[in-house]
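These are notes for a first reading of the model. Please keep the sequence and the structure open while working through the points.

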Amino acid sequence: MMGDLSKTDICELLRELFADGNLDNQSWNLLIVRLKGVIKIVSAKTTSLLQKSLGVSSATDLVEAICAKRRMDKNQCLEDIVSELILKLVSPNTRRGLEVLTSKPVECKRYLYTLVRNFLIDLWRKETKTLVVEDLEIQQSPEGEEFVQRLKEGEILTIFPKKEIEALEIIHLKEIFHKEVPPEDFKYFCYFLLKDGKEVYKCLWGNKSQTAIYKDASRKKDKVIKFLERLRDQYGFDLEDVRTFVINYLSELCEQLRLKTCKEEK
Amino acid sequence: MNRLEELFELYKLMKEPLEDIPLEDIFVDTNIEGQEKVNLPKEKIENELNKDFEIPEKPEVGDVIEITPSIDGLPLLFVVWDINPNAGEVRLVPLSEFYQFATPDDVLVKILPPNEELKDLDLYKKTYIAQPKLFIWFPLSWFSQILPDRVVLKVGKIPLGKIQEIWEVYKGWRKGAGKIRGGIKKEFKKEEARRYGTLQAMVLKEMEETQKINALLKELKAQRKLAKAADQETTSGWNENLMWRYYPEKGLLVIETRPDLVGRLGKIFLELEDKIIELWNGLLLPRITLPINPENFIGDIFKTNLRLQLLD
């Protein structure tokens with residue numbers, strides 16, 4: 001049985017779904033085909049934008065990249081994505097927004113395009129751990145019933161412990177450090193910033209004399225100081241952030257460097 | 001490119017509105033043959049379709065509202081921060097899920113669901129930054145109606161303790177969520193300010209429209225030179241397409257559209273001998289509310305001259 005021709009339009013199909021709470025088999029079939037088509041095109045177009053703006057090198061499109069991350073067969077993965085997208089479209093806030101536009105074919109399709117685009121980018125963000133380390137940390141915060149319970153118990157202002165926020169800043173500081181400081185210069189930071197650094201990390205210079213080490217390090221001292229000043233003036237970190245970074249991260253990095261380089265001490 | 005810079009690129013991409021997308025290529029109307037084998041989670045879909053948010057008639061401080069559809073690709077979420085009944089306005093603080101860009105001006109919040117039924121939505125699993133420095137003003141009356149082509153939903157609440165925190169951060173009495181202000185975070189703030197600036201401009205434009213209606217009614221009233229008492233007596237009426245009621249104490253005109261016309265495109269106007277005064281042009285909603293100053297309201301004109309014309 002073929003459905004009404006006017007109901008082959010994706011926005012008409014959604015309008016029918018929202019109004020009746022269901023679709024007949026033919027209309028479901030049509031909606032799935034339409035959504036798959038939109039996903040494929042949006043995926044291809046978004047990939048080129050991502051490649052341009054992020055320098056993501058990939059021969060595949062966005063959906064393929066998501067499916068590869070999920071380690072799933074592409075067909076099964078695409079079916080899952082269609083199901084997830086339909087659930088997103090019928091969720092109350094998305095649905096109410098679309099309802100307003102379903103009678104305006106052009107606006108509706110434009111909006112649908114942005115919805116699908118952002119839905120796919122969201123999936124990609126969830127699948128690429130590099131962008132969601134912070135999400136994982138925050139998700140350890142109390143949620144749902146426990147969250148409400150804590151609110152009732154008057155813990156309103158301690159719901160987001162300060163250390164979680166600081167952790168975000170330290171992650172950022174680490175990124176800046178690795179971006180701006182070449183690995184061959186790490187030793188100068190160990191030498192100048194860590195406790196007893198001048199003694200403990202002199203072995204990073206191999207067999208060079210104390211005087212030679214001092215001369216070499218002195219030439220780089222300004223670079224270390226300038227980096228710290230930039231952290232303060234350009235990036236807005238305060239002394240407490242830098243201290244946390246040095247204690248929690250730099251000391252570990254220098255120790256790894258020492259164990260790797262100073263063989264005679266092993 | 002570090003992670004924050006990558007995230008910023010994604011943020012910009014996600015909020016990019018569509019300008020010249022060839023929709024006909026994307027939403028191509030091909031013949032469908034064969035059967036698609038997707039095992040849809042029909043029960044879950046049905047459950048989602050049964051869930052709904054209310055339209056907040058009377059906003060309260062701490063309410064989280066969403067204006068949907070968004071003006072760009074990203075959700076438009078706000079927390080009601082302050083209500084000024086005298087000016088008929090509320091102050092809204094924008095919420096962003098890109099909390100990684102937190103600066104000392106922001107407060108981290110989670111949205112509490114309005115009821116148990118809705119608690120599983122993605123909306124409540126995320127962390128947001130409330131950005132008090134980017135607040136906008138919104139007309140109070142619009143909470144009981146819908147903007148043209150947009151709906152305002154109450155999607156949850158944030159605890160009053162957090163509102164207090166937003167005030168304290170705004171006033172500079174305490175530091176907000178993040179410590180860094182410069183670099184890429186500054187760029188993010190600029191983009192966010194632009195987003196909400198655009199919305200504020202749209203709000204102002206709509207307010208201008210209602211001001212225009214009020215000015216036209218005022219002019220009409222002056223021309224008619226009718227006894228004011230007679231005008232004020234009529235505060236409700238109906239015709240074959242709509243019903244209306246005027247609330248002088250609130251300064252609001254509420255028009256209810258005939259149910260079978262809801263969702264169609266139409267124009268609601270006052271048809272006068274020499275001109276028309278357009279009150280609404282767009283999607284016909286079940287209930288349309290317009291702020292009309294009691295001094296400008298002319299009851300018997302509305303009684304006899306209010307019209308609805310379908311445009312689709």
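How many bridges join strand β11 (residues 265-271) of chain B to β12(B)? The answer is in point 3.

1. Basis of the notes. This is a predicted model, in which local features need pLDDT of at least 70, side-chain atom pairs count only at pLDDT 80 or more, and totals for chains, interfaces and linings use all residues. Residues are numbered from 1 along each chain as its sequence is written, chains are lettered from A and ligands numbered from 1 in the order in which they are written, and side-chain values use heavy atoms, with hydrogens and water left out.

2. The two chains. Chain A has 13 helices and zero strands, whereas chain B has seven helices and 14 strands. Here helices (H or I, at least four residues) and strands (E, at least two) are DSSP runs, numbered from the N terminus. Of the 266 residues in chain A, 49% are buried; for the 312 residues of chain B the share is 53%. Buried means under 20% relative accessible area, exposed over 50%, and partly exposed in between, with a 1.4 Å probe and protein chains only.

3. A sheet in chain B. Strand β11(B) is joined to β12(B) by seven bridges, and these strands run antiparallel. Two strands pair if DSSP finds at least two bridges between them. Within this pair, Leu265(B) has Leu283(B) of β12(B) as its bridge partner. The strands belong to an open sheet of three strands in the order β12-β11-β14 (chain B), with antiparallel pairing. At the edges are β12 (276-283) and β14 (306-310) of chain B, each pairing on one side only. From one strand to the next, the twist averages 20°. In a regular strand the side chains alternate between the two faces of the sheet.

4. A helix across that sheet. Helix α5 (residues 183-224) of chain B lies across β11 and β12 of chain B and runs at about 155° to β12(B). For such angles, axes are lines fitted to C-alpha atoms, for helices over the stretch in contact, and angles run from 0 to 180 degrees between N-to-C directions.

5. Lys185(B). This residue is in helix α5 of chain B. Is Lys185(B) buried or exposed? With a relative accessible area of 2%, Lys185(B) counts as buried. Leaving aside neighbours within four places in sequence, the contacts of Lys185(B) include Glu169(A), Leu4(B), Gln100(B) and Phe101(B). Contact means heavy atoms within 4.5 Å.

6. Strand β10(B) and its partners. Five of the six residues of strand β10 (residues 252-257) of chain B are buried. Strand β9 (residues 242-247) of chain B pairs with β10(B) in the antiparallel sense over six bridges, and the bridge partner of Leu242(B) is Thr257(B) in β10(B). The two strands β9(B) and β10(B) form a hairpin with four residues between them, and Gly251(B) in the turn has a positive phi of about 70°. Another five bridges join β10(B) to strand β13 (residues 287-291) of chain B, again antiparallel. There, Leu252(B) stands opposite Pro291(B).

7. Cavities. There are four cavities of 30 Å³ or more. On a 1 Å grid over the protein atoms alone, a cavity is a set of points where a 1.4 Å probe fits but cannot get out, and lining residues have an atom within 4 Å of a point. Grid points are joined across faces, edges and corners, and a volume is the space filled by probe spheres set on the points. The second largest cavity holds about 80 Å³ of space. Among the residues lining it are Tyr11(B), Leu74(B), Phe98(B), Tyr128(B), Glu192(B) and Arg195(B). Two elements of chain B, β3 (89-96) and α5, each supply at least two residues of this lining.

8. Leu112(A). This residue is found in helix α6 (residues 105-127) of chain A. Leu112(A) counts as buried because its relative accessibility is 0%. Beyond neighbours within four places in sequence, Leu112(A) is in contact with Ile10(A), Leu14(A), Leu89(A), Leu98(A) and Phe27(B). Leu112(A) and Leu193(A) are 81 residues apart in sequence and 54 Å apart in space, C-alpha to C-alpha.

How values were computed. On a 1 Å grid over the protein atoms alone, a cavity is a set of points where a 1.4 Å probe fits but cannot get out, and a pocket is an open set with protein on both sides within 12 Å along at least five of seven lines; lining residues have an atom within 4 Å of a point.
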